[in-house]
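Reader: I would like to go through this model term by term. Please set each value against its definition.

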Amino acid sequence: MVAALLVLLIRPLLVWLAVCLIFLWTHGSQIVYAENGPFSSHPFGEENGKVETQENEGGGLASPGSLAEQASPLVPAPLRLSSQERVALRFVEQGRTAFGREHFARARILFERAIEIAPLQPYGYYFLGRMTFDQGDANQALAFLLKAELLLTQDNVDWLGETTCLQGAIHEDAGDYAAARLRYQRCLEFSPQNLRALSALARLPEDDAG
Amino acid sequence: MQRIFWGIIGIVFLGLLATGSVLGWQFYHKLEHEVITRFSDHRWEVPSKIYAQPLLLYPGLSIADVDLFAQLERLDYQRVEKNIQARGDYWYDSETGEVHIFLRESTYPGRQRPARQIALYLDEGHIQHVVDLDDGTGLLFIETEPEIITRLYAQAWEERRVVKFHEVPSLLVKALLAAEDQRFFEHQGVDLWRVFGAGWANVVAGRTVQGGSTLTQQLIKNFFLSQERTLRRKLVEVCMAVILENHYSKLQILENYLNEIYLGQRGAKSIFGIWEAARFYFGKEPRDLTLGEMALLAGMIKAPNRYAPNRHPERAIRRRSQIVQRMAKLGDITAEEAQAAAQETLGRRRIPLEKNKAPYFVDFLRKELEKSYPVGILTKAGLNIFTALDMRLQHIARDVIQKGLAELETKHPKLQRETPEERLQACLIAIQPQTGRILALVGGRDYQVSQFNRVAQAHRQPGSVFKPVVYLAALERERNHKDGWFLPTSLINDTPFTWFYEDKEWSPRNYKDKYFGMVTLRKALAKSLNAATARIAMEVGLEPIRHTALRLGFTSPLPAYPSLALGAAEVTPLEVAQAYSTLANQGIFTAPTAIKWITNPDGEPLKQSTLTVEQRIHPDDAYVLTHLLEGVMAHGSGVRARGLGFRRPAAGKTGTTNDYSDAWFVGYTPDLLAVVWVGFDQHAPLLKLGGAQAALPIWTEFMKRATAGTPPTAFLPPPGVTLVAVDQETGLRATPSCPKVIQEAFPNGQEPILSCPYHAPGSHAPGSVRRTPVRTTLPSRHRIPPQTTSEKGILLSLRPWQAVVIETSLDPSNRAKPWWQLF
């Protein structure tokens with residue numbers, strides 16, 4: 001009897017604690033993608049303007065210490081990519097490094113170069129979307145992310161999840177909660193365990209007008 | 001008296017002296033002011049350079065596909081027999097399949113590459129490995145420096161690249177001083193000993209054999225004075241030289257001299273400065289010159305055209321020996337070095353032809369640039385203008401146009417004309433849809449004959465090339481109404497009719513007056529049927545069509561007349577490229593751009609053309625239309641491209657105007673779009689040749705060569721579209737018995753539900769349906785409700801003028817469904 005009473009008393013406390021933890025976690029990472037997004041900067045990739053890299057480094061985002069390793073989405077293994085796509089990924093990688101160091105102009109040049117080399121590869125668009133969102137241009141960011149989404153194959157669920165989740169964050173940032181909810185829900189279709197989308201959906205007001 | 005006389009003389013003398021001093025002082029100050037002002041404010045007139053894209057080399061690439069050696073030669077690389085030694089050398093061993101290249105340093109915006117030696121290891125013409133020869137590591141890829149398309153000159157065509165003093169090797173400076181002014185560091189602008197020596201030598205010879213001018217005087221003469229030979233000019237020159245020496249250091253004077261000196265001609269263009277001369281005569285930068293080459297360059301200053309090594313090698317060698325000996329005598333080099341330099345072989349250098357490689361593109365670019373920069377800046381400020389032009393594609397474009405037109409004239413001699421101005425013309429523009437970058441642009445057949453850029457300036461009727469806009473507007477209407485009227489399998493009546501508008505009539509006619517009755521949307525577009533398209537336009541309305549056209553990127557006025565639907569409004573090929581580019585880019589608009597970056601001579605960015613994207617067409621609609629246009633290539637008016645060997649996934653459309661004065665073909669793969677127009681400037685008819693005969697072969701050849709070596713890619717359906725295998729005849733889901741099955745694209749939720757009953761065994765068995773076209777007697781403008789239940793089954797109105805009865809034994813509950821879901 002006493003134990004049951006204790007459980008009844010403690011349960012709301014635990015729920016409240018969990019909600020607080022989720023809130024803190026999400027507000028520390030959700031909107032500010034560039035700082036603590038899934039692709040935070042790492043030492044790989046030179047900033048000295050050299051565009052070449054050693055072949056044994058894998059030539060792509062799936063190399064050790066590269067984007068693929070630390071990010072939840074895994075890009076296609078280099079073996080599945082054409083040489084051109086691998087070269088483009090190298091530019092994406094360097095652009096991402098520049099982006100992480102807030103060298104936005106250089107990052108943009110590198111992302112755009114990646115798109116020029118392999119225009120059907122989605123990653124350059126994805127990062128341009130992230131960067132333009134960081135720079136305050138939500139419309140342009142959404143357009144880039146839509147392009148990335150269109151280029152991602154349906155089996156690339158992790159990246160689709162990231163892309164749609166970021167779209168949700170942009171809508172949420174703009175106060176368009178209805179659109180944000182739709183994008184977060186879309187994200188969960190690809191990546192049911194995506195904690196950012198889950199927490200965002202829990203956080204978003206039910207009333208769309210809000 | 002005498003004292004008075006001498007007193008007056010003295011006063012007059014003193015007065016004259018004082019006046020002379022004042023005047024002299026004023027003259028000196030005037031000259032000083034002039035020298036300082038002009039010398040300090042002196043800006044070299046350096047033409048702006050326009051660059052193409054750099055060439056990217058990576059494993060897997062076929063060097064034949066990218067014309068590697070042609071590209072290297074255009075970049076002024078010299079093939080050497082043995083090891084590469086200097087920047088700009090390359091070596092190729094066809095037996096081992098090795099290519100060694102000593103790349104020059106490259107300053108491309110956003111990334112800089114130092115000079116480096118690389119090796120390409122080839123296997124059957126494909127790059128297997130790229131290796132950095134400096135440290136032996138493998139490289140993922142390497143970029144060459146971007147190729148110069150042309151330079152933008154002012155009236156005087158002067159080639160010059162400004163160098164800093166520290167960039168010039170000291171031996172070259174010593175050679176220069178040995179040749180022109182040995183006591184440069186000792187005199188104060190004027191070398192009296194040399195003046196006397198030269199005077200004596202001239203007296204002895206009885207003619208002018210030696211000059212007494214110092215480097216400073218030569219610089220003054222080039223900077224400020226005319227070339228006239230008068231005593232007055234000489235005196236001013238001397239004064240200015242002294243002033244210059246008083247105000248500026250020897251190194252500053254020498255640096256200016258190195259950049260100012262005239263060193264010969266490259267056709268109509270003058271070569272100025274030591275850097276430009278080293279590149280022109282030896283293909284090297286000054287720091288890579290050998291001692292003999294330095295001596296030769298220094299010796300050429302006396303008479304550049306007389307001692308030019310490419311024109312007078314014997315004289316050049318003699319002059320080189322003189323300079324080398326003088327350097328040895330002065331102690332600048334040892335006797336052994338002098339001997340080695342004097343024996344250097346004067347290589348037979350191939351001087352690359354310097355001409356504008358993309359004149360129409362440059363004109364187009366120049367117009368863009370002149371919106372932001374005055375002409376004076378463009379021609380003098382030495383800007384670096386980086387474009388996306390792909391020189392390989394540009395060469396292909398020029399080549400296919402020349403050959404394509406020649407072939408047309410050979411096959412159809414009546415197309416030939418007497419004068420060059422009246423000859424058959426064509427233009428081509430290629431764009432990367434995702435970025436809007438113009439990759440190739442040829443505005444006409446021969447720039448020397450006509451500078452009219454047909455890509456950007458020719459407003460011509462697009463004919464059937466415009467029809468996809470109508471179909472897109474119909475698909476957009478379908479998106480809003482979801483009534484099944486404009487799905488790819490929807491039926492359209494292709495029979496003659498009259499469109500009444502604003503108290504006028506318009507009766508569209510099909511090609512050769514041939515009509516097909518009820519046809520699917522796909523067939524109507526594939527066969528480019530005028531009557532069916534006009535009916536769609538009538539249903540959709542002209543305003544939505546115009547609106548769709550504007551969103552796609554058309555900018556010319558589009559009058560709202562029914563003939564707009566069949567391409568009667570005049571547009572430019574550039575607009576057509578823009579509009580189709582939006583389709584190819586999944587409905588995302590990116591403006592066509594020629595300029596990527598502009599930097600100042602120091603490489604600092606002045607302007608960057610950033611990629612901006614805008615969703616203007618729903619990606620599902622863009623894809624469905626692309627899918628329909630793929631049908632044009634598969635079994636429609638563009639099928640000839642397949643016969644000519646272009647096999648990649650592609651979408652396209654032919655265009656021919658009523659009077660056969662314009663022939664078009666526009667087509668795209670997922671990542672490359674090209675538009676070709678063929679016609680006469682005078683609007684003369686192309687006999688009976690349409691887009692498929694005149695423009696398509698040129699497009700096909702361009703695309704075949706342009707895409708060679710890259711993996712084929714398919715158009716990716718967006719998530720909102722489902723591909724369903726349907727029977728080509730009925731548009732219903734295909735059964736194993738259907739003879740002609742195609743993949744059809746439908747917006748999600750609008751796919752056909754029923755299977756094709758026509759080809760199923762026992763087609764009248766329970767559960768099957770029979771579709772019976774019924775001609776109604778209703779007036780053409782009367783609209784039957786989309787779904788009416790009759791005694792026989794469901795009466796379906798596919799069009800106001802036509803009905804279909806479906807006899808069905810399906811569950812009656814199905815009758816509550818929208819009719820299109822039954823299909």
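Reader: What is the strand order in the open sheet of six strands in chain B, and what is the pairing?

Author: The order is β3-β4-β5-β8-β9-β10 in chain B, and the pairing is mixed. This is a predicted model: local features need pLDDT of at least 70, side-chain atom pairs count only at pLDDT 80 or more, and totals for chains, interfaces and linings use all residues. Residues are numbered from 1 along each chain as its sequence is written, while chains are lettered from A and ligands numbered from 1 in the order in which they are written. Strands (E, at least two residues) and helices (H or I, at least four) are DSSP runs, numbered from the N terminus.

Reader: What makes β3 and β10 of chain B edge strands?

Author: β3 (78–79) and β10 (138–139) of chain B each have a single partner strand, so one side of each is left without a neighbour in the sheet.

Reader: How do you know that β3(B) and β4(B) pair?

Author: Pairing requires that DSSP finds at least two bridges between two strands. β3(B) and β4 (residues 89–93) of chain B have two bridges, in the parallel sense. Gln78(B) has Asp89(B) in β4(B) as its bridge partner.

Reader: What makes β14(B) and β15(B) a hairpin?

Author: β14 (residues 262–266) and β15 (residues 269–272) of chain B pair in the antiparallel sense over three bridges. Two residues lie between them. Gln265(B) stands opposite Ser270(B) in β15(B). In the turn, Gly267(B) has a positive phi of about 65°.

Reader: Why is strand β31(B) called largely enclosed?

Author: A residue is buried if 20 or more other C-beta atoms, placed from the backbone, lie within 10 Å of its own; it is exposed if 12 or fewer do, and partly exposed in between. Five of the seven residues of β31 (residues 741–747) of chain B are buried, so the strand is largely enclosed by the rest of the structure. β30 (residues 721–727) of chain B pairs with β31(B) over seven bridges, in the antiparallel sense.

Reader: Why is Ser528(B) called buried, and where does Ser528(B) lie?

Author: Ser528(B) has 26 C-beta neighbours inside 10 Å, so it counts as buried. Ser528(B) lies in the loop between α17 (521–526) and α18 (530–540) of chain B. Its phi is near 55°, a positive value in a residue other than glycine.

Reader: Is Asp503(B) buried or exposed?

Author: Asp503(B) counts as exposed, because it has 5 C-beta neighbours inside 10 Å. Asp503(B) is in the loop between β20 (499–501) and β21 (504–506) of chain B. Asp503(B) is not a glycine, yet its phi is positive, about 60°.

Reader: Which residues of chain A and chain B are in contact, by count?

Author: Contact means C-beta atoms, placed from the backbone, within 7 Å. By that rule, 33 residues of chain A are in contact with 38 residues of chain B. The largest share of the chain A side, eight residues, comes from α5(A).

Reader: How far does the predictor's confidence reach in chain B?

Author: pLDDT is the predictor's confidence in each residue, from 0 to 100. Chain B has a mean pLDDT of 86, and 89% of its residues reach 70 or more. Over residues 763–823 of chain B, pLDDT stays under 50. Where pLDDT is low, the predicted coordinates should not be read in detail. The model scores ipTM 0.78 and pTM 0.79.

Conventions: Two residues are in contact if their C-beta atoms, placed from the backbone, lie within 7 Å.
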